[in-house]
Each structure stands twice: as C-alpha cells, then as structure tokens.
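Here is a report for a reader meeting this structure for the first time. Keep the view open and follow along strand by strand.

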Amino acid sequence: QVQLVESGGALVQAGGSLRLSCAASGNIFSIRDMGWYRQAPGKQRELVATISRRGVTNYADSVKDRFTISRVIAKNTVYLQMNSLKPEDTAVYYCNARVVGPIVETDYWGQGTQVTVSS
C-alpha cells in the first residue's frame, strides 16, 4: 500500500505561480512513476505531468514550458512547479503513484488539492 498526501493548492491570479507537493509513505520502494493529474468541474481527469524513478518526464501539451515536475527520491516527494498560471488551469490536482508488480500495475491517488486561477 502507498499513501499520498498533497499540499500547496491555493487561489492565485492569472500569471502567478504555485508549487504543489506530494509526500508518499508506505511501500515507497515499489513506486516506479509518480505524477500529477487534474480534474476540472464537468471534465474527465487528465494527465498533467509524470516522472519516472530515473527522472524521465512527460508533460501534457497544455502545460509544457510552464510547469515543471521534479522528484526527490530520498524524501519520497514529488513536486509540481506551476508558472504563468491561466484560468483554464483551475482544477483539483491529484498526485499519483504507480506501482509495477510482476503481473499488474496499481495506481494510488492522493485526496486532491484545489488550484483556482482567477482572471
């Protein structure tokens, strides 16, 4: 089992910045990838960014060049630095940890943190 706790969500004006944090606990050595997803009202949850244990990153086109994901293995923590925020970035942001076993992959989710960008 893996537990994830996010923090850092807030209300911010367009053009501003926020840094989200996600701390993992439990069976952390089994985590391969970590990432951030978001869900806006009335929309499906979508990928924002992921980072592998080796540091390979992947971003949604909508956030490239504005958001940066990073991971500190020793602290079991993943961060999302969000710059040049836009109103369309408003959503609940969820931390994700993916555990890859011999047969199946298992996704764990945090409780979510609200990011609201005002125009």
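In this predicted model, G35 stands opposite T50 in β5.

**The overall fold**

The protein has eleven strands and zero helices. From the N terminus on, the elements run β-β-β-β-β-β-β-β-β-β-β. The radius of gyration is 14 Å, close to the 14 Å that the globule rule gives for 119 residues, so the protein is as compact as a globular protein of that length. Along the principal axes, the C-alpha trace spans about 45 × 25 × 25 Å. Buried residues make up 43% of the 119 residues. Among contacts with a separation of 6 or more, 54% come from residues 24 or more positions apart.

**How the strands pair**

β4 also pairs with β9, in the antiparallel sense and over eight bridges. In that pairing, D33 stands opposite R98 in β9. β4 is mostly covered: seven of its nine residues are buried.

β9 has a further partner. Five bridges join β9, residues 91–100, to β10, residues 105–109, and the two strands run antiparallel. A hairpin of four residues connects β9 to β10. The bridge partner of V100 is E105 in β10.

Next come β1, β3 and β8. β1 and β3 are antiparallel, with six bridges between them. Here E6 stands opposite C22 in β3. β3 is also joined to β8 by six bridges, again antiparallel. In this case R19 stands opposite Q81 in β8.

The table lists these pairings.

| Strands | Sense | Bridges |
|---|---|---|
| β1 and β3 | antiparallel | six |
| β3 and β8 | antiparallel | six |
| β4 and β9 | antiparallel | eight |
| β9 and β10 | antiparallel | five |

**The nonpolar core**

In soluble globular proteins, nonpolar side chains tend to be buried together. Which residues touch the most other members of the largest nonpolar core here? They are L4, M34, W36, L80, M82 and Y93, out of 32 residues in that core. Several strands each supply at least two residues, including β1 (2–7), β3 (18–26), β7 (67–72) and β11 (113–118). β9 gives the most, with five residues.

Leaving aside residues up to four places away in sequence, Y93 touches E6, L20, W36, Y37, R38, V48, F67, L80, M82, G112, T113 and V115.

**Rings and charges**

The structure holds one aromatic pair. The rings of Y37 and W109 have their centres 5.1 Å apart and their planes at 75°, so the pair is edge-to-face. This pair links distant parts of the chain: Y37 is in β4 and W109 is in β10, 72 residues apart. Are these two residues buried or exposed? Y37 has a relative accessible area of 15%, so it is buried. W109 has a relative accessible area of 35%, so it is partly exposed.

Two arginines sit over tyrosine rings. The charged end of R19 lies over the ring of Y79, 4.0 Å from the ring centre. The charged end of R45 lies over the ring of Y94, 3.8 Å from the ring centre.

**Positive phi in the loops**

Most residues other than glycine have a negative phi. Against that background, two residues stand out.

D65 is not a glycine, yet its phi is positive, near 75°. D65 is found in the loop between β6 (57–59) and β7. With a relative accessible area of 83%, D65 is exposed.

N76 is not a glycine either, and its positive phi is about 55°. The place of N76 is the loop between β7 and β8. N76 has 23% relative accessibility, so it counts as partly exposed.

How values were computed
Residues numbered from 1 in each chain as written. Predicted model: local features only at pLDDT ≥ 70, side-chain atom pairs only at ≥ 80, totals over all residues. Heavy atoms only, no water. Pairing = 2+ DSSP bridges. Phe/Tyr/Trp six-rings, centres within 6.5 Å; stacked < 30°, edge-to-face > 60°. Buried < 20%, exposed > 50% of the residue type's maximum accessible area, 1.4 Å probe, protein only. Lys NZ or Arg CZ within 6 Å of the ring centre and 35° of its normal. Core = buried A, V, L, I, M, F, W, Y, C linked by side-chain atoms within 4.5 Å. Contact = heavy atoms within 4.5 Å. Rg over C-alpha atoms; globule rule 2.2 N^0.38 Å.
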